[in-house]
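Here is a quick tour for someone meeting this structure for the first time. Have a look at the sequence and the 3D view, then read on.

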Amino acid sequence: MRRPRVFLALLVGFLTAGAAGCGPHPAAHAAADDATLMKRAHEVADAWPGSTAGQQWRTGYVPLTDATEWLPPDAFHNDADKVAFTSGQLELRGALPHAPATGTVRWADGTATELPLIPATQQFDDLTKKHSCRPGPCGRLTVTAVQAGTREVTTSRGKATIPTWEVSLDGYQAPFVYPAVTTPARPSIAWYAPFDGPTIPGLEQAGGWNAISPDGLTLKAHVTGGGCHKALPGEVYETDQVVVLIGRTTVPSAMEACPANLAFYPVDFRLSRPLGSRAVLDAASRWPVLLTPPSVYSFPSP
């Protein structure tokens, strides 16, 4: 099963920095001024149009949401079902369908793209990969059918209809739905031209965009920081093609004892006009920031 990705490299960095526990901040600097932050955001925006990521955004298939799974309205009936499903405890009743090698993605403007189709066997294997059961023993769920379907998704090129696999479970009225076409690697720092911008004190990674205000002018995201940081109001740099999020935090003093924990601070980023089809980029990492709804697989703390 596919799950939301975690910023592992960033997490490792924080854990490494805090291996010895709390202590003075090792290298405190004054926070950068607005001109320095805007200069970095301007560089990030300028690098986008000629990058591989920018080309893929304009011509390829880039979902703007984490379109890897759609659960039915009645999922889950109880915690036991959730544990069984997330543990891969699925029993197939019947045979899996055969499918062609490619599937068609159709955009609202009438254009279409052929992409490799994920076989139903691979999709079922992904769902049944064994994971540890928590918080208790695993139950079993029965898959009564797997059949082809379609689903509309939002992409960097507007609305698109993609082929899907619909997985029906015994006792559930609607199927669990998964994309049947492969999604190209999401745009990342490796897609850009070389960029050796220095680390800027007070500029932190912005991500986790999970909502937009009704007027379309405020993106709700988070800024990543350490235990001694405090998030500052979000700023943006805008062009016709991109919106660059400038995530800012306070900079701890050199003598401040800071716990080595990774924190995510909610921040609003106000735009001057609706986002539209513009790409959202992060000034610190230069990564595109995609819509990432909250996970439905959270479990209460023991």
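"Buried" here means under 20% relative accessible area, "exposed" means over 50%, and "partly exposed" lies in between (1.4 Å probe, protein chains only). Helices (H or I, at least four residues) and strands (E, at least two) are DSSP runs, numbered from the N terminus. This is a predicted model, so to speak of local features takes pLDDT of at least 70, side-chain atom pairs count only at pLDDT 80 or more, and totals for chains, interfaces and linings use all residues. Residues are numbered from 1 along each chain as its sequence is written, and side-chain values use heavy atoms, with hydrogens and water left out.

**Helix α4**

- Helix α4 spans residues 79-86 and is mostly covered, with six of its eight residues buried.
- The buried ones are Asp81, Lys82, Val83, Ala84, Phe85 and Thr86.
- What covers them includes the strands β2 (90-92), β5 (141-155), β6 (158-169) and β7 (176-179), along with helix α5 (120-128); contact means heavy atoms within 4.5 Å.
- At the start of α4, a side-chain oxygen of Asn78 comes to within 3.2 Å of the backbone nitrogen of Ala80.
- After α4 comes Gly88, which has a positive phi, near 75°.

- Two strands count as paired if DSSP finds at least two bridges between them.
- β6 is mostly covered too: nine of its twelve residues are buried.
- β5 and β6 are antiparallel and share twelve bridges, and they make a hairpin with two residues between them.
- Gln147 has Glu166 in β6 as its bridge partner.
- Strand β3 (residues 102-107) runs antiparallel to β6, joined by two bridges; here Trp107 sits opposite Ala160.
- β6 also pairs with β7 in the antiparallel sense, over four bridges, with Val167 opposite Phe176.
- The hairpin of β6 and β7 has six residues between the strands, and Gly171 in this hairpin takes a positive phi near 95°.

**A three-strand sheet**

- Strands of a sheet pair through backbone hydrogen bonds, either parallel or antiparallel.
- An open sheet of three strands runs in the order β9-β10-β14, with antiparallel pairing.
- Its edge strands, β9 (206-212) and β14 (262-270), each pair on one side only.
- On average, neighbouring strands of this sheet are turned by 30° against each other, direction ignored; the axes are lines fitted to C-alpha atoms, for helices over the stretch in contact, and angles run from 0 to 180 degrees between N-to-C directions.
- Nine bridges link β10 (residues 218-226) to β14, and Val223 has Tyr265 as its bridge partner in β14.

Technical notes. Polar contact = N/O pair within 3.5 Å; in protein donor to acceptor, adjacent residues only side chain to side chain.
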